[in-house]
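I set out to look up the charged pairs and the surface of this structure. My entries follow the display.

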Amino acid sequence: IAEWQPPRRFVDVQLRGPYTLWHHTHAFEERDGGTLCVDRVRYRPRGGALVNWLFVRRDVEQIFRFRHQRLEELFGSRQT
């Protein structure tokens with residue numbers, strides 16, 4: 001955890017692993033009586049842009065789709 005600012009945000013970075021860069025900001029905002037969770041991810045896979053386009057991007061998108069669905073299951077969705 002590179003930054004810790006409860007209850008507003010925290011940032012995790014990968015020090016070792018499959019990416020040459022992984023910087024993930026989790027931000028939380030009060031919104032319409034609930035909490036909006038916002039993720040910002042900067043990453044660079046080993047192998048560069050072609051590897052990202054062919055393989056990695058879809059996996060990262062799937063991870064965050066799953067996370068979104070799971071948060072809705074646990075906490076519900078309040079669309080306005």
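I looked up arginine 9 and recorded it as partly exposed, because its relative accessibility is 26% (buried means under 20% relative accessible area, exposed over 50%, partly exposed in between; 1.4 Å probe, protein chains only). The side chain of arginine 9 meets that of glutamate 3 in a salt bridge, 2.2 Å from N to O (a side-chain nitrogen of Lys or Arg within 4 Å of a carboxyl oxygen of Asp or Glu). Glutamate 3 is also partly exposed, at 28%.

I note that this is a predicted model, in which local features need pLDDT of at least 70, side-chain atom pairs count only at pLDDT 80 or more, and totals for chains, interfaces and linings use all residues. Residues are numbered from 1 along each chain as its sequence is written, and side-chain values use heavy atoms, with hydrogens and water left out.

I searched the whole structure and found 5 salt bridges. One of them joins arginine 67 to aspartate 39, with the closest N and O atoms 2.2 Å apart. This pair links distant parts of the chain, 28 residues apart: arginine 67 is in helix H1 and aspartate 39 in strand E4 (residues 34–45). Helices (H or I, at least four residues) and strands (E, at least two) are DSSP runs, numbered from the N terminus.

I then examined arginine 57, which forms a salt bridge with glutamate 61 at 3.6 Å between the closest N and O atoms. Both residues lie in helix H1, 4 residues apart, about one turn of the helix. Arginine 57 has a relative accessible area of 29% and is therefore partly exposed.
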